[in-house]
Amino acid sequence: MRPDGDQHVHSFRIQATFVASAVDDSGMIIGYREVSDLLELQARRYAKRFINEVEPFTVIRPTGENIAAVIFRDLSVAVAQRFPRGPELTAVTLWENPSSSIRVSPP
């Protein structure tokens, strides 16, 4: 057995929370499809792979807290690049099951 336990599979659900100072002409701050596409890009990094072999989890433990923090960081960058005038990502919640989650937001 490895020091961090046997290899095993996990499934997660990710929720992203945004804030904006105003809505656009259609009454939205960001489209659900756009958010879904950005989250899907994040999920593809980890799909069908051992997370311990995906940077930065080759050097940090892949706890729910660390996974949520890395997704928050990467998603923040992606949102800022795609939508330079907003909205702002304020939190990422990683659900390990229907009743257990971890929420990460900026300090």
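Asp 37 and Arg 33 both belong to helix α1 (residues 32-44), and because they sit 4 residues apart there, about one helical turn separates them. Their side chains meet in a salt bridge, with 3.2 Å from N to O. Please keep in mind while you look around that this is a predicted model.

**The pair in helix α1**
- Arg 33 has a relative accessibility of 57%, so this residue counts as exposed.
- Asp 37 is partly exposed, as its relative accessible area is 32%.
- In general, side chains with opposite charges can pair when their charged atoms come close.

**Salt bridges around Asp 74**
- The count of salt bridges in the model comes to 4.
- Asp 74 is found in helix α2, which spans residues 64-82.
- One of the salt bridges joins the side chains of Arg 45 and Asp 74, at 2.9 Å from N to O.
- This pair links distant parts of the chain, since Arg 45 is in the loop between α1 and α2 while Asp 74 is in helix α2, 29 residues apart.
- Asp 74 also forms a salt bridge with Arg 73, where the closest N and O atoms are 3.0 Å apart.
- Together, Arg 45, Arg 73 and Asp 74 are linked in a network of salt bridges.

- Asp 74 has 18% relative accessibility; buried means under 20%, so Asp 74 counts as buried.
- Arg 45 is partly exposed, with a relative accessible area of 27%.
- Arg 73 is partly exposed too, and its relative accessible area is 44%.
- Setting aside neighbours within four places in sequence, Asp 74 is in contact with Gln 42 and Arg 45.

**The sheet and the helix packed on it**
- An open sheet is built from 3 strands in the order β1-β2-β3, with antiparallel pairing.
- At the edges are β1 (13-19) and β3 (100-104), each of which pairs on one side only.
- From one strand to the next, the twist averages 20°.
- Helix α2 packs on this sheet and touches β1, β2 and β3, and its direction makes about 145° with that of β2.
- Between β1 and β2 (residues 88-97), the antiparallel pairing runs over 7 bridges.
- Val 19 stands opposite Glu 88, a residue of β2.
- As a general point, the strands of a sheet pair through backbone hydrogen bonds, either parallel or antiparallel.

Terms used. Residues numbered from 1 in each chain as written. Predicted model: local features only at pLDDT ≥ 70, side-chain atom pairs only at ≥ 80, totals over all residues. Heavy atoms only, no water. Helix = DSSP H or I, 4+ residues; strand = E, 2+ residues; numbered from the N terminus. Buried < 20%, exposed > 50% of the residue type's maximum accessible area, 1.4 Å probe, protein only. Contact = heavy atoms within 4.5 Å. Pairing = 2+ DSSP bridges. Axes fitted to C-alpha atoms, helices over the stretch in contact; angles between N-to-C directions.
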